[in-house]
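Please read the following explanation alongside the structure, following each element in turn.

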Amino acid sequence: MKPTQTENPEYFHNVIDCQYACPAHTPVPEYIRLISDGRYDDAYMINWVSNVFPGILGRICDRPCEPACRRGRIEKEPVAICRLKRVAADNKDSIKNRLPSVPTAKNGKKIALIGGGPASLTVARDLLPLGYQVDLYDNQAAAGGFIRTQVPSFRLPAEVLNEEVNYILDMGVTCHFNHYVRSLKAMLDKGYDAIFIGTGAPRGRDLPELPGRKEGDAYIHVGIDWLAAVLYRHVARIGKRVLVLGGGNTAMDCCRTARRLGGEDVRVVVRSPRTEMKASPWEIEDALHEDVPVIDNHVPLEFVVEKGRLVGMRFDRVVGRLDENGRRKLASTGEEPVFMPCDEVLLAVGQQNAFPWIEKDLGLQFTQKGLPLLNEITHQSTLKQVFFAGDAAFGPRNVITAVAQGHQAAISIDLFCQGEDLGNRPHPKVNLFGQKMGYHEWLYESQVTDDKRQAVSVIEKVKSLKDRLLEVELGFDKEKGHKEARRCLNCDVQTIFIAQTCIECDACVDICPVTCINFLADGEETDLRSRLQIPAENLSQSLYVSPPLPTGRIMVKDENVCLHCGLCAERCPTASWEMLKFTYHSAQAGDK
Amino acid sequence: MTFTRPSFRHPSQPTNSLGYSRSDYEGTISTLCAGCGHDSISNAIIQACFEIPVEPHKVVKMSGIGCSSKTPAYYLGKSHGFNSVHGRMPSIATGANMANRDLIYLGVSGDGDTASIGMGQFIHVLRRDLNMTYVVMNNGCYGLTKGQDSATADKGSKSKKGAPNPFESIDLCELAIQLGAGFVGRGFSGDKQQLVPLLKAAMSHEGIAFLDVISPCVTFNNTSGSTKSYQYVRDHIEATGTFDFIPLQQEILTQYEEGTTQAVTMHDGSVIYLHKNANSPDVTNRRKSMDILEAEKEKGRLLTGILFLDPESSDTHEILATSLSPLNTLTETELCPGSAALQKINERLR
């Protein structure tokens, strides 16, 4: 096998599983170490630079980092990365003096942002310090988009939201709230140098064809619209018996909000098996904890309306089977339909993009799915001065993806406005720092704690169900935060092998607690993977391969469950193993 | 010094037929110098015990004094152990073995502990053919007292201090063969591929099995002029041949060609298949084994592998015709059978 090319920064980036999995590539181990040191401001700023909304994401992130966390492969549960982010946000002092300064002399370029959600705010944050003038248009009364109108306050309190949104707005965004943009053409005519569209996926899917939909309309609500109505206090009550259709996070927000507005018998009904639900496992748990049963394998048949009033719904019981193409299909079990009585129904069966305000003759092309045709890297549309990011760009995903895309769009807008090639994008900023302090002393805490994942305290159910504004999760206190932070394996501290000085004494092989270091005869990758002391079966994890050593063998390290404990380096008599911290900061607008 | 080792192990570490995983054979973290050959031997012992497999509580690890004799702390943490007086490990092992013949005895010693202060004990335990595995971690110097030349340092070899050793060296393997050990082998700490099967075979041998393992002292004796450095050993190593050790329980799957492979059945029914190099002698012949050792030494080569093997050798208990039940299980009833029994014995002597 060819020796590993560690000169390519992506090799070590890949080893930092959490950071690699994060769409915004937030340097997770770096800020977790700062939290364990009690340096909350520094930890917060690392987050703020990378993901813009640490306090918000510390509560509602989809956490792509946690399933990727290496700790989850050596024990039961990964590091509670998301909740640690919140620890930094909750415990920081004022960080206002650390925010980037915005030049008073502008660069003469004007940008319009349509939609005031996370993607647009990210673009504003990235472009304002470079001297751009930014105008924001949103049909709501305040900025935040999805995270304001559809995430309930018991998960994300308004103060946290306002604080982080205002950091950006206060940098000098000209806001046009309660302003629905009716025509892209009109916007183009205003002479902006670039237009950014971050309008999200604003339309909840309905079930218009289902019998009884029209007749029962007064009792049937589209979930995201209903959540927004609750936020603006247009809706304050709901019937006692509520059915929520859908298995995503919006369904979980709907059912838990319904519990707070008078819903006593609230049920979530999903078409497919429980295992295929899109909602995050922890959100399903929270719903179950609030006495909301999840009923799976039930396909809605009709709304039953009697005398103009919705009385319930009928469902067909199904099982998931694989068809001849290997695709899962729901087949009726043939049993009698199930009738579930209810007073109101909330539909949370998915979201759709909609661009009725974009004129067809402008040259902005759409895909068959109704999404704008974009360059996947630059986010530029077929109308060269128009850029998209967030749910509006590639369909509904999540907040952290919207932020990551916002950064990319901001880079593109900057390059575009400066007349440069959009393909010529700035590189990430990377560095390697030695961690050796002295004789077996390291700059990082190399000892691996056995502590299990800390449980988070929640407010009493009786209390929280009475007040929809009361945040349910209390977050970690400083002590728990420290304990949890110490569980991090410091995967950014890389093990570097120097073949030239190795005397093949086997000391590293013998000390490695997880048997990841091997010295053996060379071979092809699949052959090598099978011949390691413990075969390397996790193909998503790389093998670190050295050039041939004096005995003709090579060193092969399986990165899979390396604890980054530094023992190989401590036990090496010739310092042929080094522990170097690898930092990787994704490029942002203005970087060279 | 390294103080702690994480408690996590690879989530897919295998278990052996007794249901133990390799970590069940581990000890505490080593306090020896980084890169010490002894740590490699400790790990080879862990691996061998895991692979055979032995039950940890059936093993007794014995040692004397020295860097090597510290190592029992670093392996088999769930086994019995006795860290004895300098050079006196063989006596303690003999006593223990006499008291309970049902356990597996694994003694480790160093070149100082064996070839200097313990020489008198060493040669007699060989003579008596005590049922144990005797491992010498041989680094050619006194590492614990700053690296003075030991009795196994080759004449002319230079340690860190730089002065060539003026004295003749003792070849422990030759001595062991001469004194009647039934299993004699030599290994190198830097070659676990050979060392682990060597240990497995030695531990299944009945009677004394002696292993001389060259184990470089990285701190004092890993210099360019030393004949016990990693570099020198790698450059001068020669093997009597490779071999496969097939424990009794295991099915024999490989077919061996006749002529080049010799099968030797051990006391417990295990089989060792020796794959001999061209021109290599029959290792079951004591005189030829001595010859080849001398011949290779003349050529400046270090011969490793199984050097001599006598599957028919007996052990102390057999020689002395002791009770088949371990002595420590005999109760007063067996030991004092009463005056009638005494009467009978006396009758026989009249």
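In this predicted model, strand 22 of chain A and strand 23 of chain A (residues 554-558) run antiparallel and are joined by three bridges. Within this pairing, A:Leu543 stands opposite A:Asp558 in strand 23 of chain A. The two strands belong to an open sheet of three strands in chain A, whose order is 21-23-22 and whose pairing is antiparallel. Strand 21 (517-520) and strand 22 (543-545) of chain A form the edges, each pairing on one side only, and neighbouring strands of the sheet are turned against each other by 25 degrees on average, with direction ignored.

Two packed helices are described by the angle between their axes and the distance between the axes. For helix 3 (residues 28-36) and helix 4 (residues 40-51) of chain A, the angle is about 160 degrees and the axes lie 8 Å apart; because angles over 145 degrees count as roughly antiparallel, these two helices of chain A are described as roughly antiparallel to each other. Their crossing is left-handed. On the side of helix 3 of chain A, the contact is made by A:Glu30, A:Tyr31, A:Leu34 and A:Ile35, which meet A:Tyr40, A:Asp42, A:Ala43, A:Ile46 and A:Asn47 in helix 4 of chain A. By class, the residues of this contact comprise six nonpolar, one polar and two charged.

Between the chains, 26 residues of chain A are in contact with 23 residues of chain B. The elements of chain A that give two or more residues to its side of this contact are helix 7 (71-74), helix 20 (507-511) and helix 22 (567-571), with helix 22 of chain A providing the largest share, three residues. The side of chain A that touches chain B has 14 nonpolar, eight charged and four polar residues.

Note on methods: Residues are numbered from 1 along each chain as its sequence is written. Chains are lettered from A and ligands numbered from 1 in the order in which they are written. This is a predicted model: local features need pLDDT of at least 70, side-chain atom pairs count only at pLDDT 80 or more; totals for chains, interfaces and linings use all residues. Two residues are in contact if their C-beta atoms, placed from the backbone, lie within 7 Å. Helices (H or I, at least four residues) and strands (E, at least two) are DSSP runs, numbered from the N terminus. Ala, Val, Leu, Ile, Met, Phe, Trp, Tyr, Cys and Pro count as nonpolar, Asp, Glu, Lys and Arg as charged, and the others, Gly among them, as polar. Axes are lines fitted to C-alpha atoms, for helices over the stretch in contact, and angles run from 0 to 180 degrees between N-to-C directions. Angles under 35 degrees count as roughly parallel, over 145 as roughly antiparallel, 65 to 115 as roughly perpendicular and the rest as oblique. A crossing is left-handed if the near helix is turned anticlockwise from the far one by less than a right angle, and right-handed if clockwise. Two strands pair if DSSP finds at least two bridges between them.
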